[in-house]
Amino acid sequence: IFFFWLLHWLPTTTIGGDRCCVTHHLFNFYIDKVFKHCKTEDSYVNRKISSIANSFLSVKRKLEQCHEQNKCMCGQESTEKFKQILVNYEGLNVTSAAIKSLGELDILLDWMEKSG
């Protein structure tokens, strides 16, 4: 349910700075909240999650360079909508929310591919 916002909001986020800002926020979100709580009984799945998390860390470092050079400005609408995603996420059980977010990662990746 919390990614209902994301699904309808991401396609409208096309301005360069906002796109950078949203991507930066979402990568931080996945690294700080989602990947830390995605533990399964299956070690193979856990290794795959860890691999995705490491890829996100690599991209996050590059986004931080852009963000530090003030090329990644966050508009008010983007900030407010991202806050709503966090509120919806934090309203769920931590593990369930993390697994749900991981299952909906395709929304983010599809948007990044189309807007890249």
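Before you start clicking, one term: buried means under 20% relative accessible area, exposed means over 50%, and partly exposed lies in between (1.4 Å probe, protein chains only). This is a predicted model, in which local features need pLDDT of at least 70 and side-chain atom pairs count only at pLDDT 80 or more, while totals for chains, interfaces and linings use all residues. Residues are numbered from 1 along each chain as its sequence is written, and side-chain values use heavy atoms, with hydrogens and water left out.

Select Lys 100, which is partly exposed at 28% relative accessible area. Glu 104 counts as buried, at 17% relative accessibility.

By this rule there are three salt bridges, so let's visit another. Pick Lys 33 and Glu 90, whose side chains meet at 3.1 Å, N to O. Lys 33 lies in helix H2 and Glu 90 in helix H4, so the pair ties together parts 57 residues apart in sequence. Helices are DSSP runs (H or I, at least four residues), numbered from the N terminus.

Now stay with helix H2 (residues 16–34) and select Asn 28. Is Asn 28 buried or exposed? At 16% relative accessibility, Asn 28 counts as buried. Leaving aside neighbours within four places in sequence, Asn 28 is in contact (heavy atoms within 4.5 Å) with Lys 33 and Lys 60.

Definitions and conventions. Helices (H or I, at least four residues) and strands (E, at least two) are DSSP runs, numbered from the N terminus. A salt bridge is a side-chain nitrogen of Lys or Arg within 4 Å of a carboxyl oxygen of Asp or Glu.
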